[in-house]
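Biologist: Before we discuss any detail, may I see the sequence and the model side by side?

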Amino acid sequence: MKRSKNRQTQPKATRAWNLLNALFYKAGKVPWRLLPDQAEYRTSFLGIGFYRDLDGQQLWTSTAQMFDERGRGLILRGARAQTETKGRHPYLTADDAEDLVAQSIDAYKAHHKHVPARIVVLKTSRIRQEEAEGIHAALQRFGIELCDMVWVQESSPIAIFRDGNYPVLRGTFIDLGEKGLLYTRGSVPYYGTYPGLRVPRPLLLVPHEDSDSPLWKIAEEVLALTKVNWNTTQFDQKLPAPIKASREVGRILKHLPFGSVAASDFRRYT
């Protein structure tokens with residue numbers, strides 16, 4: 001198959017920077033990191049996404065756990081996902097959700113020698129009550145009291161506009177009560193422009209009713225997590241790293257035997 005002559009590629013300098021940055025990270029180094037807030041609880045972020053196997057018959061769960069702002073993570077493959085109707089709206093049973101979160105806490109403890117004080121679960125589909133019950137069961141097993149569960153939607157029927165020639169500012173957050181709009185891409189005052197080609201669309205953040213943190217804090221953390229994808233030097237990724245990584249994990253895991261993949265493999269494969 002011939003490649004399209006109109007295919008757009010990044011400038012050579014950008015590709016070189018991205019390649020060198022990714023190699024640096026895969027060699028075990030962290031190019032940059034978020035400054036930890038000493039006043040906040042130690043938090044583990046868990047991104048949950050779904051993928052189909054190569055024949056398209058089985059729907060599995062893939063997860064990419066980001067241990068902390070330093071980017072240490074582990075890849076886990078979850079159980080087969082359930083769906084509500086015709087393969088849509090995937091979800092986990094209570095037992096599978098409990099097992100998956102318990103695995104991630106075990107991994108965190110093995111690395112840090114203690115469990116996190118707080119778990120944040122970012123999921124690409126609606127969080128059902130049975131999933132929430134399974135997650136809470138895992139937290140009770142380890143004595144973890146704080147948890148936030150958030151449905152991160154890429155497409156939203158709601159958008160806002162800004163006076164002038166440029167889109168809204170990156171980081172703009174609109175509290176809609178039980179949900180909120182977050183612009184992880186947008187105009188950047190430092191550059192005096194919008195570094196993108198298409199009109200930016202916001203993420204719709206829908207926290208589960210059992211979440212402990214205020215929505216503005218969750219939005220702040222999601223925005224920060226868009227900056228810790230070390231496979232690229234682009235600073236304004238649309239998706240937070242745990243969600244972005246879970247998608248890449250699913251793309252890779254469909255080619256691998258069922259089971260877990262070590263953290264070192266995370267750098268090698270993603």
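**Strands, loops and aromatic pairs**

Biologist: In which strand is the place of His89?

Modeller: This is a predicted model, in which local features need pLDDT of at least 70 and side-chain atom pairs count only at pLDDT 80 or more, while totals for chains, interfaces and linings use all residues. Residues are numbered from 1 along each chain as its sequence is written, and side-chain values use heavy atoms, leaving out hydrogens and water. Strands (E, at least two residues) and helices (H or I, at least four) are DSSP runs numbered from the N terminus. The place of His89 is in strand β5, residues 88–91.

Biologist: Which residues is His89 in contact with, leaving aside neighbours within four places in sequence?

Modeller: At 42% relative accessibility, His89 counts as partly exposed, a class that lies between buried (under 20% relative accessible area) and exposed (over 50%), with a 1.4 Å probe and protein chains only. The C-alpha atoms of His89 and Arg126 are separated by 7.1 Å, although these residues are 37 apart along the chain. Contact means heavy atoms within 4.5 Å. Beyond its neighbours within four places, His89 is in contact with Gln82, Thr83 and Glu84.

Biologist: What percentage of the residues in the chain is buried?

Modeller: The chain has six helices and ten strands. Of its contacts with a separation of 6 or more, 64% are between residues 24 or more positions apart. In a chain of 270 residues, the buried share is 44%.

Biologist: How many bridges join β6 to strand β7?

Modeller: β6 is mostly covered, with six of its six residues buried. Arg118, Val120 and Leu122 point one way from β6, whereas Ile119, Val121 and Lys123 point the other way. Two strands pair if DSSP finds at least two bridges between them. Lys123 stands opposite Trp151 in β7, and the number of bridges joining the parallel strands β6 and β7 (residues 146–153) is six.

Biologist: Which residue in β6 does Phe45 stand opposite?

Modeller: β1 also pairs with β6, in the parallel sense and over six bridges. Ser44 lies in β1 (residues 43–52) and counts as buried because its relative accessibility is 2%. Ser44 and Ile119 are 75 residues apart along the chain, yet their C-alpha atoms are separated by 5.0 Å. The residue that Phe45 stands opposite in β6 is Val120.

Biologist: Which residue in β10 is the bridge partner of Val152?

Modeller: Four of the five residues of β10 (residues 203–207) are buried, so this strand is largely enclosed by the rest of the structure. β10 is joined to strand β9 (residues 180–182) by three antiparallel bridges, with Leu182 and Leu203 as partners. Four bridges join β7 to β10, and these strands run antiparallel. The bridge partner of Val152 in β10 is Leu205.

Biologist: Why does the pair of Tyr25 and Trp230 tie together parts of the chain, and how many residues apart are they in sequence?

Modeller: A search of the whole structure finds four aromatic pairs, where rings of Phe, Tyr and Trp (its six-membered ring) pair if their centres lie within 6.5 Å, and planes under 30 degrees apart count as stacked, over 60 as edge-to-face and the rest as tilted. Tyr25 and Trp230 form a tilted pair, 5.2 Å centre to centre with 35° between the planes. Tyr25 lies in helix α1 (residues 12–26) and Trp230 in the loop between α4 (215–225) and α5 (241–253), so the parts tied together are apart in sequence by 205 residues.

Biologist: Which residue has a side chain that makes a polar contact with the side chain of Gln237?

Modeller: Gln237 is placed in the loop between α4 and α5 and is buried, because its relative accessible area is 11%. A polar contact is a pair of N or O atoms within 3.5 Å; within protein, one must be able to donate a hydrogen and the other to accept it, and residues adjacent in sequence count only if both atoms are side-chain atoms. At 3.5 Å, the side chain in polar contact with that of Gln237 belongs to Gln234.

Biologist: What is the phi of Lys113?

Modeller: Lys113 is found in the loop between α2 (94–112) and β6 (118–123). Its relative accessible area is 68%, so Lys113 is exposed. Most residues other than glycine have a negative phi. The phi of Lys113 is positive, near 70°.
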